Amino acid sequence: MEIYKTKAKKFPGTYFRIVHKQAFGLYIKISKKTKRRAYIRSAYFDKEKIFLDLFWHHLFEKPNWRNRVKRIQYYACALELIQNSSFKPNCARNPNNSQEMLYRFYGTTPNAEFFCVQIKETKKKKQKFLISIYPVKKEFFNSK
């Protein structure tokens, strides 16, 4: 398993309001470049679009505020990973829906903090969505 090292740093702060403002500001900046849904292009998927709006819906389904803060701190790192990484991800069929594939990309921040980016692909329309970003412990990689 290859791990992409980002140049983007994790957003600082422990309060949701502060971190959300930085991450959502980056999302708004990207969304202003298009008239429709916000997206970025992926190096691994041959410059196909990865839509970003589903991540925000998924984030607010999480009941724990600390969990939300930890996830959006890595937002800038995740976008850089998606745009620049051509490393092969872990692929699996979605256990909740057989018509979807899940791709998990792994990366590190400049401070050697590990995180995972999960992308969902619908088989019918071949659309890809950023679903989730979450921190991963270093021990996870040592066990594989």
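Colleague: Hello! Where is the place of A112?

Modeller: A112 sits in the loop between β5 and β6 (114-122). Helices (H or I, at least four residues) and strands (E, at least two) are DSSP runs, numbered from the N terminus. The model is predicted: local features need pLDDT of at least 70 and side-chain atom pairs count only at pLDDT 80 or more, while totals for chains, interfaces and linings use all residues. Residues are numbered from 1 along each chain as its sequence is written, and side-chain values use heavy atoms, with hydrogens and water left out.

Colleague: Why is A112 called exposed?

Modeller: Exposed means over 50% relative accessible area, buried means under 20%, and partly exposed lies in between (1.4 Å probe, protein chains only). A112 has 52%, so A112 counts as exposed. A112 also has a positive phi of about 65 degrees although it is not a glycine.

Colleague: What is the phi of D46, and in which loop is D46 found?

Modeller: Phi of D46 is near 55 degrees, again a positive value in a residue other than glycine. D46 belongs to the loop between β2 and β3 (49-51). With a relative accessible area of 67%, D46 is therefore exposed.

Colleague: How do you know that the count of disulfides is zero?

Modeller: A disulfide is a pair of cysteine sulfur atoms within 2.5 Å, and by this rule the count comes to zero. For C77, the nearest cysteine sulfur is that of C116, 13 Å away, and C77 is in no disulfide. For C91, the nearest is also that of C116, 12 Å away, and C91 is in no disulfide.

Colleague: What makes helix α4 mostly covered?

Modeller: Eight of the 10 residues in α4 (residues 75-84) are buried. They are Y75, A76, C77, A78, L79, E80, L81 and I82. One of them, I82, has its C-alpha atom 7.5 Å from that of R41, although the two are 41 residues apart along the chain.

Colleague: What makes K10 and E113 a salt bridge?

Modeller: A salt bridge is a side-chain nitrogen of Lys or Arg within 4 Å of a carboxyl oxygen of Asp or Glu. The closest N and O atoms of K10 and E113 are 2.8 Å apart, so the pair meets the rule. The pair links distant parts of the chain, 103 residues apart: K10 lies in the loop between β1 (4-5) and α1, and E113 in the loop between β5 and β6.

Colleague: How many salt bridges does the structure hold?

Modeller: The structure holds four. Among them, E100 and K120 meet at 3.5 Å, N to O. E100 lies in strand β5 and K120 in strand β6, so this pair ties together parts that are 20 residues apart in sequence. Both E100 and K120 are buried. The side chains of K128 and E121 meet at 3.3 Å, N to O, and these two residues are buried as well. Salt bridges that share partners join E48, E121 and K128 into one network.
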